[in-house]
Amino acid sequence: MISILKYSIIFIIIFGSFRILSKLIPQLSIRRNIKVIVQRFLPLLEFVFWLIFVLWILQSEITKPLYFNAAIFGVSALLLIFFGLFVMKDFMAGLILKTEYGLQKGDTFATEKFHGKILKLSFLYLELETGESEHTKIPYGKISGIEIKISNENSIYKKFSYPFIIEKSEKLPEIKEKLRHKIINSPYCFITKSPEILLMSENPDNFNFMVSFYCKNEEQAFKIKELIA
């Protein structure tokens, strides 16, 4: 009974600590690239802690070497199966995406959460250039089954600019982000070149913007203008 209580308390501490860390890290005032590295390796660190926890329980509760070795073998087999399924999920998702969309290096890629230029297509993930000197690796399993937009960089796109008057219903950064989100989610916008949203002037009630974006022709530009008006 004492052992079960001890293991339960340690289980709660490990589980709670990593849940708190996952929520706390995005709020820390540290460089973005450091946050990305920490968030990327946090699941691996948690896995190591759980593995040590399980091995410690086995060593504490199983006194006979034969049974202990059998338990270690069983845990190792389960971990290999889990790892294999995890890897195969991303591999198969990547195979389907490459076949269905014909993904190629240099294409522009966009979903609701990610957009950028494809730099690399590996077996398990694709690497995007999302901004100046900013790269992100996305496992194929994470984008499987969601809406994807692909554009080829060789297409001919033109820049169009329009003035917009937007009511001050929210703060300036939130309004600019909503405008940008509407533009890049339009089926007509060239997403490799980021939209330009410039604040020209303001008054107590409105912001006056000059918004620029890239698309193929004036008809498409007018549709985007209607979408964000």
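Close-up 1. Glu 202 is partly exposed, at a relative accessible area of 47% (partly exposed falls between buried, under 20%, and exposed, over 50%, using a 1.4 Å probe and protein chains only). This is a predicted model, where local features need pLDDT of at least 70 and side-chain atom pairs count only at pLDDT 80 or more, while totals for chains, interfaces and linings use all residues. Residues are numbered from 1 along each chain as its sequence is written, and side-chain values use heavy atoms, with hydrogens and water left out. Glu 202 forms a salt bridge with Lys 168, the closest N and O atoms being 2.7 Å apart (a salt bridge puts a side-chain nitrogen of Lys or Arg within 4 Å of a carboxyl oxygen of Asp or Glu). Lys 168 is partly exposed too, at 30%.

**Close-up 2. Lys 178 and Glu 170.** Here's another salt bridge, with the closest N and O atoms 2.9 Å apart. Lys 178 is partly exposed at 47% relative accessible area, and Glu 170 is partly exposed at 31%.

**Close-up 3. Glu 219 and Lys 223.** These side chains meet in a salt bridge at 3.8 Å, N to O. Glu 219 is exposed, with a relative accessible area of 53%, whereas Lys 223 comes out partly exposed at 35%. Searching the whole structure turns up six salt bridges.

**Close-up 4. Around His 115.** His 115 is buried, with a relative accessible area of 18%. Leaving aside neighbours within four places in sequence, His 115 is in contact (heavy atoms within 4.5 Å) with residues including Phe 109, Leu 128, Arg 180 and Ile 191.
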